[in-house]
Amino acid sequence: MNDDFKVTPWEVTGEIDYDQLITRFGTKKMDQELIDRLAGYGELHPMLRRGVVYSHRDFDWLLDQYDKGNRFFLYTGRGPSGGTHLGHLMPWMFNRYLQDLFKVNMYFQLTDDEKYLFNENLSLEDTKMAAYENVLDFIALGFEPENTKVILDTKDIKLLYPLALKVAKRVTFSTAKAVFGFENSHNIGQIFYTSIQAAPCFIEDALYGKKTPCLIPCGIDQDAHFRVARDVAPLLGYPKPTLIYNKMFPGLTGSDKMSSSQPQTTIFTTDKPKDVKKKIGNAFTGGQVSVEEQRKLGGRPEVCSVFKYQYYLFENDDKALDDLTERCRKGEILCGECKQLLTKRINEFLEEHQRKREEAKERLHEFLLPDSC
Ligand code: SF4
């Protein structure tokens with residue numbers, strides 16, 4: 001069993017064993033029965049068909065509630081420490097799919113306070129600027145202001161603070177230490193912070209006086225925060241927040257997570273076509289050392305970052321993906337050709353995304369909560 005990996009809200013390292021994470025965190029596998037049930041609401045997203053969205057907490061309960069006519073709302077977010085990359089877009093795209101499928105409200109939290117507290121090199125101005133850049137990418141994915149609102153922690157603290165206080169009063173320092181590994185050297189803002197991340201789970205009570213169930217689709221790395229929120233929710237008379245977790249979007253180096261701290265191997269939403277070409281050109285593949293060997297032995301798509309990009313985001317057609325797998329294994333396609341195909345796809349996507357991102361600048365105000373909240 002591979003134990004040599006770490007997945008926390010602040011650090012993801014090593015080769016992740018996702019099945020083992022289910023045991024480690026105590027979540028449930030998104031099994032076939034649940035996937036079949038979801039298919040009854042509309043077309044399944046490729047991330048569900050392919051196991052990219054793979055684990056949950058009480059999602060079956062949430063669907064029972066929905067079937068009885070009890071609506072839920074969606075909540076996800078971003079810790080704004082820099083530009084948005086493809087790995088950030090992936091869960092937001094899945095949120096968009098769920099919002100379309102179930103026609104529910106969506107709240108997007110930008111934790112500028114968190115990134116300030118946890119990163120010595122960032123000022124509050126830095127995290128606020130990053131939040132502005134990140135939210136443009138979120139809006140560019142096609143969310144509508146009628147049912148989608150953006151929470152910026154330092155701006156909307158008046159709304160969040162009473163909820164966060166209720167949470168904070170019920171989380172002991174001993175629990176925070178056990179869940180997050182805090183030590184004496186951590187600043188006291190870091191210790192309090194999880195209660196701010198829990199607050200949007202109960203936001204419709206503050207906004208509309210309704211204890212609406214909440215669904216949080218996010219990366220499995222965020223589980224620690226929501227374990228705490230789920231323990232506290234019943235003590236406050238709220239339903240436990242429900243979660244569905246996706247795997248981490250892979251890096252171009254063959255690692256399990258794309259990381260902003262490695263800009264040369266990370267594709268940002270503002271990258272130019274020539275940057276994308278260069279980054280994909282240098283990507284780690286499962287190809288052989290020479291053309292002859294590749295033709296003879298074939299490649300290994302299971303370890304190839306170029307293949308994983310198609311699998312996670314850029315090839316929605318399952319049959320086309322199977323064809324690519326087969327051609328790779330048989331040595332019928334070479335890595336250079338494969339990289340060209342992916343580069344073209346990413347650049348087409350980014351061209352459209354960047355256009356919508358520009359439009360989002362004019363529409364941002366429509367997504368903000370009024371200051372009086
Ligand atoms: Fe990866 Fe394509 Fe090379 Fe196969 S041919 S190893 S999928 S880049």
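D58 counts as partly exposed, at 27% relative accessibility; buried means under 20% relative accessible area, exposed over 50%, and partly exposed in between, with a 1.4 Å probe and protein chains only. D58 is placed in the loop between β4 (53-57) and α4 (59-67). Although D58 is not a glycine, its phi is positive, at about 65 degrees.

K103 also has a positive phi, of about 55 degrees, and is not a glycine. The loop that holds K103 runs between α5 (86-102) and β6 (106-110). With 55% relative accessibility, K103 counts as exposed. Most residues other than glycine have a negative phi.

## Basis of the model

The model is predicted: local features need pLDDT of at least 70 and side-chain atom pairs count only at pLDDT 80 or more, while totals for chains, interfaces and linings use all residues. Residues are numbered from 1 along each chain as its sequence is written, and side-chain values use heavy atoms, with hydrogens and water left out.

## Overall form

The chain contains 17 helices and nine strands; helices (H or I, at least four residues) and strands (E, at least two) are DSSP runs, numbered from the N terminus. The radius of gyration is 21 Å, close to the 21 Å that the globule rule gives for 373 residues, so the chain is as compact as a globular protein of that length. This radius is taken over C-alpha atoms, and the rule is 2.2 Å times the number of residues to the power 0.38. Along its principal axes, the C-alpha trace spans about 65 × 45 × 45 Å.

Of the 373 residues, 51% count as buried. Among contacts (heavy atoms within 4.5 Å) between residues at least 6 apart in sequence, 78% join residues at least 24 apart.

## Surface and charge

The chain carries 50 positive and 55 negative side chains, and the centres of the two sets lie 1 Å apart. Lys and Arg count as positive and Asp and Glu as negative, without His or the chain ends; each charge is placed at NZ of Lys, CZ of Arg, CG of Asp or CD of Glu.

## Cysteines

The whole structure has zero disulfides, a disulfide being a pair of cysteine sulfur atoms within 2.5 Å. For C214, the nearest cysteine sulfur is that of C201, 4.7 Å away. C214 is buried, with a relative accessible area of 2%, and C304 is buried at 9%.
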